[in-house]
Amino acid sequence: MGKRKTKEEATQASASTASSRKKEKKTAEPLESRLYGEPVPAEEARERWLERYDKKQKKSKNARGSGGNKKEDTDEEVLLARCHYRQAEVDGCIFNLNDDAYVKGEEGKPNYIGRIVELFETTDGEPYFTAQWFFKAEDTVIGKDHSSLIDSRRVFLSNMRDDNPLDCIVSKIQIAQVSPNMDLVAKQRTIPSSCDLYYDMSYSPTYSTFANLSIESTRAGSETSSTISSEVSFDGAEGECKPVSEKSSSISLPTKPEIALLDLYSGCGAMSTGLCLGAAISGINLVTRWAVDLNQYACESLRLNHPETVVRNETAENFLALLKKWEQLCRKFSLLKADEDVENLEEKEEEEEEEEDDDDDDEGDEKDDEFSEEVFEVEKILGICFGDPNESQKKGLYFKVRWKGYGPSEDTWEPFGGLGDCKERLCEFVEDGYRSKILPLPGDVDVICGGPPCQGISGFNRFRNVEAPLDDPKNHQMVVFMDIVEYLKPKFVLMENVVDILKFAQGFLGRYAIGRLVAMNYQARLGLLAAGCYGLPQFRMRVFLWGARPTEKLPQYPLPTHEVVVRGGIPNEFERNTVAFDEDQPCKLEKALLLGDAISDLPSVTNFESRDEMPYSKAPKTDFQKYIRLSRNELGVFASRCQSSQKAMLFDHCPLQLNEDDYQRVCRIPKKKGANFRDLPGVLVRPDNVVEWDKSVERVFLPSGKPLVPDYAMSFVRGTSTKPFGRLWWDETVPTVVTRAEPHNQIILHPEQDRVLTIRENARLQGFLDFYKLCGPVKERYIQVGNAVAVPVARALGYALGLAYRGICDEEPLLVLPQKFPNSLKRVPSESIEDDVNS
């Protein structure tokens, strides 16, 4: 991979509109139509539409705009013109250049919406017009299932154009251009009441992109137009579009202010770590200020490696509820402007507390009251949460309390309504928390990243809801993720997920995610990136969805730096979302990274290794190994945030200890390429690649009495699989790092040692730097690594994010990374990066 074919581009439904429209003309009732007025002077016409007057001219690739053009990669002959016009008459109505109109659709389907950007008479004397198309939400990647997320009057201007007979025009339509605005109420006030539709963004099928309108896409003011154009503000007001000029885009940041990142569903922090690394290379100081995950051990790992981060071990739903309560508390104590919700907050909590007290009184009437006269005094409030920390089936807002005269072991979680007599302590806690930003308020977060789990679409789930995937509670985190984005309104969003969100139910969940962002007036772009393309010995294709406020540049996708061995499929409809060089695009890719390149320098260990730390026993052999061993100080990022040992140590280089039976089996697997259970005695492989028992060989049993070759290995995938007890080899790659280390149904054995790959070896395959230490039992550490976003992919995305944040990226969807990235830029100042980008 790394390259892709360029033919059959723009295969989406919109690609057939031109030809279908021309066929429809033959059966529709003809309207009276003619070109109107005086022709455009010949010299002006040739200057503006040169291709119409050059007999040798063909429509070149992307000649009608950047990606997503219906005619890209088709060398169709250009319709030659005898002359051009500024006006046309259809059914008694005058149409001007840049008027918007309904255009005949296919039989039984709605009419198309287009802008008339050219009026001409062909050399055959036929009147034609060129339409630049608008898309309704249901005609974009969002689709019909989620079009209700978008205002029904909102359309999106594309760069897709084609030529049509003049009598395909049906009628005029009033479309207003309005300023994109995150304040949806304020935006509605700018939409003229007299317009039929409005637009504030462009749409391109290429990488399913919704973006700010380019200067070229705005209506040409020199021509007469019947379209209403509301006032488009570019003054930089909050939530309004502020395009970056050429001059401003070349200004280097004099300092590196802290850019705040919230990592949702953070796991052990791989995604945010990679983003911060890449952002640092691009010249910005991205810091993970907050992280949220439900897995206790993953939170411990993230906290250990990122002590600067406030790590919350809770559900995303409870986190969102807490954010809303926190904002109300800040308003209550006059840290923010008060609103009606604040006045009701304490009253509601006190009512709930009174109900709880009543219940407790009913239950405790017969209890002794020997402690009734003891008074407990709050010494300090230590923490805050929303949920049920006492497991009392009473969900709500709680504070962690240190009691005067008692130690930490007596700390308790107390409901907000029960702390009415210690407002001073509450005020101190809220004021301190507000200053230190223990929780983000709307406007505090610059970037939100996360990979909401969607277990309801897993192939292992036999009860998947194909008709309504969001009704499945296992897919609800996609909704919660977008709800948090909507509440905090960060400048940038990056969502990661498995490819199945584009495969399952015609991509229902992926389309929903894009629809939510666009409904919030975020720019959006969707791409598929393979980890191996960025220097890892595994394929691991994942979906990445960018979002950017209209005031910001929409980040690009970094093109591959390495060749890769392709494994697994991509949904056909989203094939063009794969981030890769085009087949005919010149590029210089590094060779694919192999298993030996990543782990051959690690010390030999046995199945019974239990040390969490050990010294390196070999020198690094490859560039990958040299980079992965860099210390925090050598890397120049996170250097002052963690204490590092004086001597470089290797962490987590221990395997899942196999039980005695499995260990005996592994010891019998030959140490050669392609070895697996089929090499054990008693197994025959038929010509059709199906295994069967060799009846001429007596079945071998282990000392435990169990068979050497288990029945499940013979029947796995109907006897066709080579995965059970499969041994990896040095010159191979792995399909993807998984969360479980059992060898029963996957190829995970070390090439030359009788064990599965260690936690650290798996971490290397994910691009974790060796200094990144993990917490928890062995199985939990495997889960953390297997669930992680590949660090080099996140690092490349972080670099693209940094360029977008600084406003020095262009409107193209793809970015060519510097040669030898990231080593080439490890210590390069930001000014040099900017010069390279602008050159």
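Analyst: Happy to. Buried means under 20% relative accessible area, and exposed means over 50%. One thing to keep in mind is that this is a predicted model.

User: Good. Is Cys-454 buried or exposed?

Analyst: Cys-454 has a relative accessible area of 8%, which is under the 20% cut-off, so Cys-454 counts as buried.

User: Where does Cys-454 sit, and what does UniProt list it for?

Analyst: Cys-454 lies in the loop between strand 19 and helix 11. The UniProt entry, which is unreviewed, lists Cys-454 under "active site".

User: Which residues is Cys-454 in contact with, sequence neighbours aside?

Analyst: Leaving out neighbours within four places in sequence, Cys-454 is in contact with Lys-474, Asn-475, Met-478, Asn-497, Ile-501 and Leu-509. Met-478 is one of the buried residues of helix 11.

User: Let's look at helix 11, then. How many of its residues are buried?

Analyst: 10 of the 12 are buried, so helix 11 is largely enclosed by the rest of the structure. Helix 11 covers residues 477-488 and reaches 16 Å from its first C-alpha to its last, close to the 16 Å expected.

User: What covers those buried residues?

Analyst: The cover includes strand 13, helix 8, strand 19, strand 20, helix 13 and strand 22.

User: Nice. Switching to sheets: what is the strand order in the open sheet of 3 strands?

Analyst: The order is 16-17-18, and the pairing is antiparallel. Strand 16 and strand 18 stand at the edges with a single partner strand each, so one side of each has no neighbour in the sheet. On average, neighbouring strands are turned by 35° against each other, direction ignored.

User: How many bridges join strand 17 to strand 18?

Analyst: There are 4 bridges. Lys-400 stands opposite Trp-413 in strand 18.

User: And which helix packs on the sheet, touching strand 16 and strand 17?

Analyst: Helix 8 does, and its direction makes about 130° with that of strand 16. Helix 10 also lies across strand 16 and strand 17, running at about 65° to strand 16.

Terms used: Residues numbered from 1 in each chain as written. Predicted model: local features only at pLDDT ≥ 70, side-chain atom pairs only at ≥ 80, totals over all residues. Heavy atoms only, no water. Pairing = 2+ DSSP bridges. Helix = DSSP H or I, 4+ residues; strand = E, 2+ residues; numbered from the N terminus. Axes fitted to C-alpha atoms, helices over the stretch in contact; angles between N-to-C directions. Contact = heavy atoms within 4.5 Å. Expected span 1.5 Å × (residues − 1). Buried < 20%, exposed > 50% of the residue type's maximum accessible area, 1.4 Å probe, protein only. UniProt positions renumbered as here; feature names shortened; annotations may be inferred.
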